Amino acid sequence: MIRIDSVTKRYPDGTVAVDRLSLEIPDRSITVLVGPSGCGKTTTLRMINRMVEPSEGTILLDGKDILQQPVNTLRRSMGYVIQNAGLFQHRTIVDNIATVPRMLGWGKDKARARARELMERVGLDAGLAKRYPYQLSGGQQQRVGVARALAADPPVLLMDEPFSAVDPVVRKGLQDELLRLQEELGKTIVFVTHDIDEAVKIGTMVAVMRTGGKLAQFAPPAELLSSPADAFVEDFLGADRGIRRLSFFSSTGLDLLTAPIVAIDATAEQIAARSAADTPYLLVTDLDGRPLGWSEPRDLTAGAVEAAELLPYGRPFVAGKDSLRAALDCAVLSPTGWAVAVDGEGRAAGVVSQQAIGEAIRGAHAEGRTNGGSSAASTVTKAARIAP
Ligand SMILES: Nc1ncnc2c1ncn2[C@@H]1O[C@H](COP(=O)(O)OP(=O)(O)O)[C@@H](O)[C@H]1O
Ligand SMILES: [Mg+2]
C-alpha cells in the first residue's frame with residue numbers, strides 16, 4: 001500500500017502545489033486523483049516515484065519511507081505512463097516496450113519476446129511491432145505506453161492523464177481496456193485525470209483535489225455521487241449526479257414480468273390469457289424468443305402477427321448484468337414506457353415498467369444511504385460497467 005502522510009510540496013518560487021495531503025492508496029485497485037488544472041495532481045504523482053521531492057511529510061510504500069529506498073529500485077517497482085505516451089521516436093514499437101527489460105539486463109530476444117506478449121495483452125496487432133511511433137494512431141501509441149510501463153511487471157502503475165489527448169471514442173476503448181487489463185493483472189494504479197467522468201468510471205477510490213493542492217474528498221465513486229462533501233465537489237461532479245449514480249446499482253433486483261410476452265404465432269386464447277389490465281401492451285417475440293416489438297392485444301392477429309405493425313422495443317438491457325441506469329434508459333426510450341430485459345443470448349427475459357424501475361431506484365437509494373453504496377449484493381462491478 002502507498003501511504004501519503006501530510007505531504008506538502010512548495011516549489012522554489014514559493015508555489016504551494018500540494019498542501020498537507022494525506023491519502024491511503026489501497027493495493028491492487030485503481031485510485032484516481034482528479035481535479036482542475038493546476039491543483040497538484042502531477043506533482044503528487046511525481047512525488048510517489050521521487051521525480052519530485054516533498055517539502056514536508058512522508059510517503060510510505062508497504063510501510064517503508066520511499067526516501068530510504070534507492071531511487072532506481074523504487075522506480076523499477078513503478079511503471080509510469082504519460083499523456084501522448086512519451087515514446088522514443090527513433091525506436092520501433094517492440095523496442096520501445098522492451099526498454100526497461102533491456103535496462104535490467106535481459107537479453108535482446110527475451111526482452112522482445114516479452115514485448116510481443118505485452119502487445120497482445122494491451123490489444124495491439126503483432127504486425128505493428130516493427131513500426132515506429134509516428135506510424136501509429138494516438139490510441140495505439142497510448143497502448144504502447146501502457147505496455148512499456150508494464151514490461152518489467154512492476155506492482156505499481158502511475159498514470160498521468162494517459163488518455164487525455166485522444167478522441168472520445170478511442171478514449172472509451174482505452175478506459176475499457178484498462179479495466180479489463182486490471183481484472184487480469186491486479187496492479188496498484190494511481191491514475192491522474194481532470195475528467196470527472198473518467199474518474200468515476202475507472203476509479204475504485206477517487207480523490208478530488210482543489211486548487212492549492214488540497215484534498216476535497218476521498219471516496220468510492222458511488223459515494224461521491226450520492227454525498228459530495230461540499231459545494232466544490234458537487235459543482236465539479238456536474239449535472240445528472242443522481243442518474244449517473246444508478247450505473248452503480250445492478251438490475252438484478254428488478255421484478256421482471258413474463259406474462260405480457262407472446263410469440264409471433266400465438267393463438268387467440270394465448271393472446272387473451274396474457275392480456276391484463278395493468279399491462280396495456282404485449283411484447284411479441286420470434287419463435288426463438290427474441291423480441292420483435294410491442295402491440296396492444298386488440299391489434300394482434302392470432303397466429304400471424306405482422307412484425308411491421310409492431311411498435312419498436314428500443315434497446316433492451318441484459319437482466320442482472322446491466323445497471324439500473326441502463327434499465328431506466330431502456331424504459332425512458334421505449335414508446336410503451338416498458339423496458340425489455342434479455343438474457344445473454346438476446347432472448348426476452350421479461351418486461352418491466354418505468355414505475356417498477358422507479359421503485360427499485362428508491363430501494364437502491366435507501367440501501368445506498370445505509371451502507372455507503374458499496375454493498376456487494378446490489379452494486380455493479382467495474383467490469384460489468386464496461387457494458388453501458
Ligand atoms: N517546477 C515547478 N515550479 C514551480 N511551480 C510549479 C512547478 N511545477 C508545477 N508547478 C505549479 O504547481 C501547481 C500544481 O501543478 P501540477 O501538479 O502540474 O498540477 P496538475 O497536474 O493538477 O495540473 C501549479 O500551480 C503549477 O503551476
Ligand atoms: Mg498535470
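**Ligand shell and sheet pairing**

In this predicted model, ligand 1 is surrounded by Tyr 11, Asp 13, Thr 15, Ala 17, Pro 36, Ser 37, Gly 38, Cys 39, Gly 40, Lys 41, Thr 42 and Thr 43. By class, the shell divides into 4 nonpolar, 6 polar and 2 charged residues. Helix α1, spanning residues 41–48, gives the most to this shell, with 3 residues.

Polar contacts to ligand 1 involve both backbone and side-chain atoms of the protein. A polar backbone atom of Gly 38 lies 2.7 Å from an oxygen atom of the ligand. For Cys 39, a polar backbone atom is 3.2 Å from a ligand oxygen. Thr 43 contributes through its side chain: a polar atom there is 2.6 Å from an oxygen atom of ligand 1. On its own, ligand 1 has 560 Å² of accessible area, and the protein covers 61% of it.

The strands were examined next. Four strands form an open sheet in the order β2-β1-β4-β5. Their pairing is antiparallel. The edges are held by β2 (16–25) and β5 (64–65). Each of these has a single partner strand, so one side of each is left without a neighbour in the sheet. In general, strands of a sheet pair through backbone hydrogen bonds, in either a parallel or an antiparallel sense.

Strand β1 covers residues 2–10, and strand β4 covers residues 56–61. The two pair in the antiparallel sense over 5 bridges. Within this pairing, Ile 2 has Leu 61 of β4 as its bridge partner.

Terms used. Residues are numbered from 1 along each chain as its sequence is written. Chains are lettered from A and ligands numbered from 1 in the order in which they are written. This is a predicted model: local features need pLDDT of at least 70, side-chain atom pairs count only at pLDDT 80 or more; totals for chains, interfaces and linings use all residues. Side-chain values use heavy atoms; hydrogens and water are left out. A residue is near a molecule or strand if one of its heavy atoms lies within 4 Å of it. A polar contact is a pair of N or O atoms within 3.5 Å; within protein, one must be able to donate a hydrogen and the other to accept it, and residues adjacent in sequence count only if both atoms are side-chain atoms. Accessible areas come from the Shrake-Rupley method with a 1.4 Å probe; for residues, only the protein chains shown count as cover. Ala, Val, Leu, Ile, Met, Phe, Trp, Tyr, Cys and Pro count as nonpolar, Asp, Glu, Lys and Arg as charged, and the others, Gly among them, as polar. Two strands pair if DSSP finds at least two bridges between them.
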